[in-house]
Every structure is written in structure tokens, then in C-alpha cells.
Amino acid sequence: MAAGRGQFFRSLLEGLERQPAHPPPVRRQPGRGRGQRAVNRGETGSKRRTRRATLAPSRQEPRTQNKKRDVSKTEACFCGENVLERLPSEILIKILSYLDASSLFCISHVSKLFHQLANDDVMWQKIYMSEYGSQTWKPKLDDAAAKEDPVEVEDWSAGHWKKMYFRAVAGQEVNKWRRELRDISPYTGLPRQTERVLRSLNVSWELTVCDCRGQKSTLEPSRTYFFESSVIVRWNGGTFPNYHHIHNIQLHGVRKETLKTPEDKKPGWRSLILKRDLKTHPGRFIGKDRLIKLMHLQPGVIIGIWRGQSSVAFIVATLHFHKLVEKSLLGSSVCPYSETVDRPPVDYSDPEFGLHSYTLHFVLHNPGTEIMSGRFHDLSCWLVQIQRGLVELRVIDRTNLSQHRSLSGNVKLPWWSEELEGSVENCCIMTLTLLDDFQKPFWCVSSPISITMAKQPLSFHYSGEHYLMRYHSPDGQVKMTLVWLEEQKQFFLISLTLYISVLKVSNHFGREYWRGAGSVRF
């Protein structure tokens, strides 16, 4: 219906602007027939030039007059104001009322007249009522305020239904994928459909590298690896600046629209996820092989640098699934998504409320394989165990041999750069999801981690070499103890402990924690 009315409108304008089908014939000058040209052949050159000079004004004058008349007719036909003024505004509004919302929005940018007509509240109210009539919200106006200042109330209501329509369209899509994310996995405590929602919305992640001179280079991911509770994104093959010349790194979530043709290039919505300044927060060395050394930027960025040089070979980012869809879509290009935390109800009858009944989902993996995973219940801490402002949660006890676990495969982190590839030993990715007493995500981490040799044996139950794996952040720490079993040629995890900041626990549960006579709230 909208397309047919639009075709009628275009045909009407073409009819008003149409030129005469048969232009007026050009009048031939008298005395310039074939016989006259034959007579002129006998004339000398000087006489012929003299005759041309005398006839030139008479030949050019009628053509000039005809051209002026044609131009005047064209200007009268193609004058935009005259064509639009011939149609009353009521007829134009009637024609525009047959357009759909997208066409009406596009035609409002043609001219000032169409902008005024296409923003008519009555048309947008009909569009909104036809699609969202059952969910209509009618504003209540104060009669006293309307009598005091009627102009102000009229300005407030201008464009109301247009805004309501576009808010409903945006909210409908957001509500759709939020409904899909309500299906929570009992094993991980995270939405089951995170990967499917990200793929269906065509969400990708772009990396922007800015050097010290202010030059920026934006890279699209070379490869993406999805796991049960995290995703690993890799960028390589692009033009990276020298590592020591990098000023900052920005990671944006980008939603790209599906293009009908390759020529339709539209910029996607960019949502800032993280921004790291290498000058104030330099990278930390975590491992190397014969070609590459790895630098770690908090929270989960790995930069691979060619050994003996300062050139960047690749960049890897690992992202946790918790609120990843919101972070990738609902932020802006300069401001990340701000998460609203719903505090659980406080049980003041329990002095140790917030210190017990934690659940941990823990995974060690790399882009290709899963090294170790597990789910641990009923993790608790007593008030007397709080030390240095940290809540200690013992997941795997070093003295309990039944809790010890083996790591399948070698602990290594593979890398790719154009035509070269390799792997860095004793490095991997750690992804943990700590759930509170109400099975809500409390602390979520996805970050690279490395193995270092312990200075002395930490357990007398094993005779092999002892190693440590540690992670530090302002929210907490992770400490693991491993033993290398030479006969089995594998690592054995004999200890796993989490240390959560008391400040994070207090802010989450909204209460203070006491130990003896002093408060440990920070």
C-alpha cells in the first residue's frame, strides 16, 4: 500500500514538472535555400565574407530569443516552491499517511516542508496505535498547568508519539534478547543462550590501537572461539604500531547490520567494553617461546611481541559471558555499559551473612582445548579467617587428597600470526564464575595465567616439583598449587584458594563485617 501511494506521488510530481512534448520548430532564414547557396558559390571570397557579416545578426537573433523563451518555460516548470505550493498541506499529509514508519522518517529529511509534515503527531499516533495499541501509555496533563502556560504544555507534547514509537521499537528488540537470556544454566549460573544471541545479533568485537602520535588503526577479529562461559577473540595480520609506541588500546562491541548489497556500507553501533593506557598500566610478562613473548594487560588482553624486536605479532582478548551482551550493545563509543547491581536482602539475624554458601565454576583452557573444569559447592569463610581485608574461600584443600585433580594435556597457549604459529608453554586461560548464596554471579574473571616454579616444596605427599599459578586484581586473588608428576607427564592440582576483597563483599551485600572488636569494612 505504501509503495503504491509513493509511486502515485512521484507520477504526480513528474506530471507537474513535465516539459512540452514537441518543442517549437526552428524558423529557417529566408534566402538560405539550396538555390541561394548555389548562387553564392559563384561569389568571390571577399563578397562571401561580407555577406556573412551582414547576415550574422539576423541569423543569431531568432535563436537567442527562442532560447530565452525555453529557459523561461523551464524555470517556470521546475521551480520547486511553485510545484509544492500547488498541493495543499492537507493533501500532502493524506499522501504521507500511507507511508510506513521508515519511509516517513526518511522523507522528513528531504526539505523543511516535508520535515514539518512528516512529524505530524496525528500520523505517528496512528502508526504507534496500529503496532503497539494494547501497550499505549496516555500522558496525564495537569489542567491548572495547561491554563497557566498552554504554550509550554504544547511544546512538551510535540513529537511525543514519534518518540514513543522509536522507543517501543528499540525496547521490543532489547526485551526479545533479554527474554532469551533468562534461561540460566544450573551448572555455570550464566545464561545458556549467550553465544546464540551474540551470533543472531551479528555482534563482533573491534580493536582500536592508538599510538603516541594519535594515529589510530581499527582491526576486525581474525578468529573467535566460544566456550561455555567465555569467548576468546584474536586479531592478527593487521598493521600494528611498535609495542613501545602504543599509547592505549580500546575494545568495542560492534553490531553490524545485514547488508543487502556489498555497496551498502553502514557503520555499526559501537559500545566501549574496555580501554587500557599502556603508559600508566604497562603490560606484565607472562611467558615466551623461541619466537614470541607474551605481555598481559588487565583484565584479559594478551599482546604477542616478536622476540628481539618490538613489533606486535598479534593481540588476544578473553571476555567473560557475564553481561557480555549488554556490554557489547548498550554502551556508547566513549562510555562503557554501567551495570546496575541488585543487592540481595540482608539477613541481620545471621552475623556471617555473605560469608558462606558460595558456588564456584572454574575452568582452565586455551583456544583449542579444555585443560580442567569443575563446580564446587558450599564455599564458606568464618569471621576469624578474614585477614588483611580478604575473605578466604578454600576450594581445594592441600591436605585433602581426595580433592586433588589432574590437568588433562599440556598447559600451553597456542598462537597464530599470518603464516607462522606456535605455542607458549606453561600458560593458559583461567575463567571463573563465583556465585553468591542466591546463585547470582558475584565475581567473574576470564584472564590469562602462567605457571611459575615454587621456591620450596609445598606438600609432603608428592615428590615432584612444585609450581604456583597466581592471579591478582583489585576485587580479589586466586592462588593454585601444582605438582609435576614425572611418571605420568602431567600436572596435578593440589590446592586452589580464592581471596575476595572485603570491600567487594560489603558493597554487594550492603553490610559491615566485624572481627573481634574492630571493623574490617573498607
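Trainee: Why does Ser459 count as buried?

Mentor: Buried means under 20% relative accessible area, exposed means over 50%, and partly exposed is what lies in between (1.4 Å probe, protein chains only). Ser459 has 5% relative accessibility, so it counts as buried. Keep in mind that this is a predicted model, where local features need pLDDT of at least 70 and side-chain atom pairs count only at pLDDT 80 or more, while totals for chains, interfaces and linings use all residues. Residues are numbered from 1 along each chain as its sequence is written, and side-chain values use heavy atoms, with hydrogens and water left out.

Trainee: Where does Ser459 lie, and what does it touch?

Mentor: Look in the loop between β18 (441-453) and β19 (465-473). Helices (H or I, at least four residues) and strands (E, at least two) are DSSP runs, numbered from the N terminus. Contact means heavy atoms within 4.5 Å, and Ser459 touches Arg398, His466 and Ile494, if you don't count residues up to four places away in sequence. Its C-alpha atom is also separated by 8.9 Å from that of Val483, 24 residues apart along the chain.

Trainee: What about Glu206: buried or exposed?

Mentor: Glu206 is at 11% relative accessibility, so it's buried. You'll find Glu206 in strand β1 (residues 203-211). Leaving aside neighbours within four places in sequence, its contacts include Trp235, His252 and Arg270.

Trainee: What joins the side chains of Glu206 and Arg270?

Mentor: A polar contact of 2.6 Å. The term means a pair of N or O atoms within 3.5 Å; within protein, one must be able to donate a hydrogen and the other to accept it, and residues adjacent in sequence count only if both atoms are side-chain atoms. Another polar contact, of 3.3 Å, joins the side chains of Thr359 and Gln439. Thr359 sits in strand β11 (residues 358-365), and its 4% relative accessibility means it counts as buried.

Trainee: How do you know that the span of helix α8 agrees with its 12 residues?

Mentor: The expected span is 1.5 Å times one less than the number of residues. For α8 (residues 121-132) that should be 16 Å, and its end C-alpha atoms are 15 Å apart, which agrees.

Trainee: Which residues of α8 are buried, and what makes them line one face?

Mentor: They're Met123, Trp124, Ile127, Tyr128 and Tyr132.

Trainee: What caps the N-terminal end of α8?

Mentor: Asp120, with a side-chain oxygen 3.2 Å from the backbone nitrogen of Val122.

Trainee: What makes β7 and β8 a pair?

Mentor: Two strands pair if DSSP finds at least two bridges between them. Strands β7 (residues 284-288) and β8 (residues 292-297) have 4 bridges, in the antiparallel sense. Phe285 has Met295 as its bridge partner in β8, and a hairpin joins β7 to β8 through 3 residues.

Trainee: What is a nonpolar core?

Mentor: A set of buried Ala, Val, Leu, Ile, Met, Phe, Trp, Tyr and Cys residues joined through side-chain atoms within 4.5 Å. The largest has 42 residues, and Leu360, Phe362, Met430 and Met480 have the most contacts inside it. A second, separate core has 35 residues, including Val233 and Leu319.
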